[in-house]
Amino acid sequence: MTLRLTEEEDLALTATAERLGISKQEAAREAIRVFVDERAHFEDVVRRAVDRFGPVLDRLK
């Protein structure tokens, strides 16, 4: 897989990797893991809120 970044994104990735003492590849992989985990958590929270409050919201229509 090839990851194409803007110059600004590449500079940010480079700075982050250097600050953490890891490779740019590992920094990118960690960013992807964090994004996926946070997105899954957000979707779970929304799903639980809809399950819990959906009927109430439907009655308010």
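Student: At what angle do H1 and H2 pack, and how far apart are their axes?

Tutor: Keep in mind that this is a predicted model. In it, H1 and H2 pack at an angle of about 100°, and their axes lie 9 Å apart.

Student: How do I put that angle into words?

Tutor: Angles of 65 to 115 degrees count as roughly perpendicular. H1 is therefore roughly perpendicular to H2.

Student: Which residues make the contact?

Tutor: On the H1 side, look at Asp10, Leu13, Thr14 and Ala17; H2 brings Lys24, Ala27 and Ala28. Sorted by class, that contact of H1 with H2 has four nonpolar, one polar and two charged residues.

Student: What should I make of charged side chains, in general?

Tutor: Side chains of opposite charge can pair when their charged atoms come close. Here, Asp10 and Lys24 meet through their side chains in a salt bridge, at 2.6 Å from N to O. Asp10 sits in helix H1 and Lys24 in helix H2, 14 residues apart, so to speak a link between distant parts of the chain.

Student: How many salt bridges does the structure hold?

Tutor: Seven salt bridges.

Student: Now the largest pocket: which helix gives the most to its lining?

Tutor: That's H2, with five residues. Helix H1 (7-20) and helix H2 (24-60) each supply at least two. The pocket holds about 150 Å³ of space, and its lining includes Leu3, Leu5, Leu13, Ala27, Ala28 and Ile32.

Student: What classes of residue make up that lining?

Tutor: Eight nonpolar, one polar and one charged. Thr16 and Glu30 are among the lining residues too.

Notes. Residues are numbered from 1 along each chain as its sequence is written. This is a predicted model: local features need pLDDT of at least 70, side-chain atom pairs count only at pLDDT 80 or more; totals for chains, interfaces and linings use all residues. Side-chain values use heavy atoms; hydrogens and water are left out. On a 1 Å grid over the protein atoms alone, a cavity is a set of points where a 1.4 Å probe fits but cannot get out, and a pocket is an open set with protein on both sides within 12 Å along at least five of seven lines; lining residues have an atom within 4 Å of a point. Grid points are joined across faces, edges and corners, and a volume is the space filled by probe spheres set on the points. Helices (H or I, at least four residues) and strands (E, at least two) are DSSP runs, numbered from the N terminus. Ala, Val, Leu, Ile, Met, Phe, Trp, Tyr, Cys and Pro count as nonpolar, Asp, Glu, Lys and Arg as charged, and the others, Gly among them, as polar. Axes are lines fitted to C-alpha atoms, for helices over the stretch in contact, and angles run from 0 to 180 degrees between N-to-C directions. Angles under 35 degrees count as roughly parallel, over 145 as roughly antiparallel, 65 to 115 as roughly perpendicular and the rest as oblique. Contact means heavy atoms within 4.5 Å. A salt bridge is a side-chain nitrogen of Lys or Arg within 4 Å of a carboxyl oxygen of Asp or Glu.
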